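Dear colleague,

My notes on selected backbone and helix-packing features follow it.

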Amino acid sequence: MNPTERNNYSDAVAKLEFDRIRTHIARGCVTLYGREQLERLLPSSMFAWVRDELARVDEMTRLIEADDAPPLESIEDVRPALHRAAKEGSVIASEDFREILRLLLVSRKLRGFFQKREERAMLLAAMAAELHEDKLLEFHIDRVVDEEGLVKDNASKELRAIRRDMIEKSALLRRRMENILKRVAEDDMVMEELVTMRDGRMVLPVKVEFKRQVQGFIHSTSATGQTVYIEPTETLDLNNEIRDLQFAEQREVNAILTELTGRLRSVVSALLRALERIAEYDSLAARARYARDVLGACPVIRRDGPLVLKHARHPLLLLHKKMKDVIPIDITLGEEASTVIITGPNAGGKSVTMKTVGLTALMVQSGIPVPCDAASEFPVYDSVHVDIGDEQSLENDLSTFSSHISRLARIVQEADARSLVLIDEIGTGTDPAEGSALGAAILERLTVARAHVIATTHHGMLKAFAHEHPGMENAAMEFDLHSLQPTYAFRAGLPGSSYAFEITRRHGMDPVIIDRARDIVGNQSDALEQLLAEVERQSQELGVRLRRSEQQEEKYHTLVVEYEQKLKAMKKEVKELQRHSLDEAERILQQANATIEEAIRGIREEQASKESIRRAHERVDQQRQDVERALAELRPAKSTTAAVKLAAGDEVIMRDNPGAHGVVLSDPVREKVEVAFGALRMSVPVASLDRMEKPQAAAISTVIPDEPLEKNEIDVRGMYGDEAVREIDLFLYKAWGMGFRRVDIIHGKGTGALRQRVHTFLRDVPFVQEFALGEWNEGGSGKTKVVFKND
């Protein structure tokens with residue numbers, strides 16, 4: 001399957017417990033072959049194979065998620081039988097042929113399944129070319145072998161005749177034996193009244209003391225010696241005939257199976273290749289089901305470049321914990337920094353974070369989806385080096401420190417820009433100062449080699465070293481200072497504290513000892529730890545605020561989208577209502593015209609006077625005018641009046657509100673003038689004004705009454721269009737002048753004519769920012785909400 005040599009990953013595979021993941025996924029296989037293939041799966045350094053294998057898993061995942069899984073079935077191991085069949089002159093047992101038939105059926109079904117889904121699963125369909133299909137061989141096997149794996153009676157004419165004779169002669173023999181048994185039983189010479197079989201022949205169980213009184217051939221004696229099994233002389237010939245038929249049956253069955261094995265021999269190689277393909281499909285399906293179970297993804301694969309893990313969880317923890325109980329991590333290697341040094345408290349998740357990176361890298365390069373975001377990016381590593389755990393050996397005279405150094409020496413020698421290096425607790429096991437210096441030098445060498453490195457430590461010197469050197473980055477595991485418990489959250493960019501004193505206090509250590517320990521450490525070191533703790537506290541607070549802000553932003557975004565959808569639906573509804581209203585009005589007008597013309601025709605037919613006809617025409621015209629006036633109120637108003645030329649001192653009125661009188665205070669600037677409406681000054685578009693032809697004493701009248709508004713809504717239901725607009729105009733200017741931000745206009749639903757008239761007016765009010773119909777629980781299309789501009 002994948003052509004990787006084990007040496008480049010063997011240590012990582014063992015120490016990161018990759019085999020546990022393989023074994024877990026293999027349990028989801030349907031066939032023995034798929035399980036075997038998965039359990040042999042190893043990481044590959046071949047970019048093309050990794051890319052294509054993950055693409056195949058992704059195609060399989062989409063099929064399974066669509067409830068369209070391939071028709072895989074369990075098949076017993078037929079490889080030994082196929083290998084025997086390949087040898088000339090060999091014969092395959094009938095029960096093996098039954099399993100080979102199952103293999104042929106599964107192979108044909110899978111081939112057809114993927115060929116029909118070539119557009120949806122192109123890579124999987126390409127694999128189906130090696131699935132063997134041979135309906136003729138299926139027919140011959142099914143004709144010869146039954147469901148139990150036995151050769152059928154009708155496998156040949158000769159076999160059918162032989163077995164028919166065997167049945168007839170066996171029945172005759174049994175009748176004779178029962179007669180003899182009844183006769184000797186009357187003399188109490190048998191142990192039990194039962195005809196039994198010995199060496200394929202029917203015999204009687206005779207008491208040993210009567211063996212000479214029953215004529216026949218003794219086949220055997222019971223274990224106790226109390227019973228002898230005798231074949232009576234009178235049934236010897238019939239028994240012999242049955243035995244001859246049995247031998248003939250065996251010869252015919254052998255001939256049939258020999259002929260069938262010959263048919264099979266020519267396709268053995270094709271069937272073995274089909275078995276490999278079935279195993280691959282089974283393995284891919286098991287990995288796809290694993291991806292579904294852990295919400296895994298096939299990430300972006302690159303030949304090289306940075307490692308970008310997003311929302312990744314440790315795969316082994318997910319085997320026995322719920323998804324919500326495993327904290328995800330985000331980590332990047334190879335962009336700004338190729339080496340990340342993780343610090344933090346014991347049991348805080350440093351090693352888990354490091355192992356998450358290593359194990360997910362091995363899984364990806366083995367073609368296994370990983371529990372992370374699909375936008376994660378993985379380079380293909382040529383090698384993964386791991387220094388985790390203690391390999392001290394008394395036999396080889398290796399201490400803990402020596403075993404670490406031995407592995408680190410090999411890592412430094414072998415690691416390059418296409419290596420992933422994981423080092424747990426670097427610099428431990430010896431003098432802290434020397435261990436820190438040695439760890440710093442090793443990390444520096446690996447960083448220069450551009451390897452991707454994650455190291456964990458408690459040494460403060462390494463925190464400072466990482467801060468000062470390019471290509472290195474500090475990181476920490478978050479610690480809750482209130483509960484004194486680790487949160488297992490990964491934080492990049494800042495070093496962490498070990499919180500040794502805090503954790504010791506939580507475990508019940510005498511406070512006097514802890515205070516003395518602080519004195520021994522010294523003020524400077526303690527101050528640094530306290531500074532790190534304070535940075536951690538502030539980082540946690542900022543993190544909480546950021547999460548809240550993100551939640552609020554998401555909430556507001558959802559509301560905006562919802563509002564826009566409702567507004568769009570409302571506008572569509574308004575247009576639809578308007579269209580229906582216009583259609584209905586047109587229909588009424590046509591009906592009225594038809595009725596009136598019919599009346600006039602009746603008058604003429606009755607030879608009415610010219611005066612009567614004239615009055616009828618007047619009534620017709622009046623009715624037409626009334627209907628057309630109603631239609632005009634329904635249609636959107638179109639302004640065709642040209643803007644007038646205005647200057648300072650001109651008295652003006654609003655075109656859409658003749659009751660609003662004002663005086664121009666300045667010459668027009670950019671098609672706008674400043675106008676005083678009583679105590680209110682505002683900038684108004686010139687196109688919305690008309691100059692008053694003659695002075696009016698009340699031109700500069702107070703359009704905004706002195707008394708304050710009691711509420712921010714006006715009810716104009718029952719008013720005609722012009723009357724309602726005048727009332728609304730006074731209401732709006734007063735509300736805007738008093739600093740209201742929003743008001744409501746209640747116009748009712750009715751035919752929609754009044755609502756349309758109000759909306760036409762609102763479009764030209766300069767200080768109105770927007771308006772919309774009310775929500776369903778606010779009156780719906782019977783109310784309009786108006787929002788004013790801030791300026």
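In these notes, buried means under 20% relative accessible area, exposed means over 50%, and partly exposed lies in between (1.4 Å probe, protein chains only). The model is predicted: local features need pLDDT of at least 70, side-chain atom pairs count only at pLDDT 80 or more, and totals for chains, interfaces and linings use all residues. Residues are numbered from 1 along each chain as its sequence is written, and side-chain values use heavy atoms, with hydrogens and water left out.

Most residues other than glycine have a negative phi. Glutamate 425 has a positive phi near 55 degrees. This glutamate 425 is partly exposed, with a relative accessible area of 21%, and lies in the loop between β11 (419–423) and α14 (432–448). Helices (H or I, at least four residues) and strands (E, at least two) are DSSP runs, numbered from the N terminus.

Aspartate 67, also not a glycine, has a positive phi of about 60 degrees. Aspartate 67 is exposed, at 73% relative accessible area, in the loop between α4 (47–65) and α5 (79–85).

Turning to helix packing, α8 (residues 135–144) and α10 (residues 236–265) pack at about 160 degrees, with their axes 11 Å apart. Axes are lines fitted to C-alpha atoms, for helices over the stretch in contact, and angles run from 0 to 180 degrees between N-to-C directions. The two helices, α8 and α10, are therefore roughly antiparallel (an angle over 145 degrees). Contact (heavy atoms within 4.5 Å) involves Leu137, His140, Ile141 and Val144 of α8, together with Ile256, Leu257, Leu260, Arg263 and Leu264 of α10.

With kind regards

Technical notes
Parallel < 35°, antiparallel > 145°, perpendicular 65-115°, else oblique.
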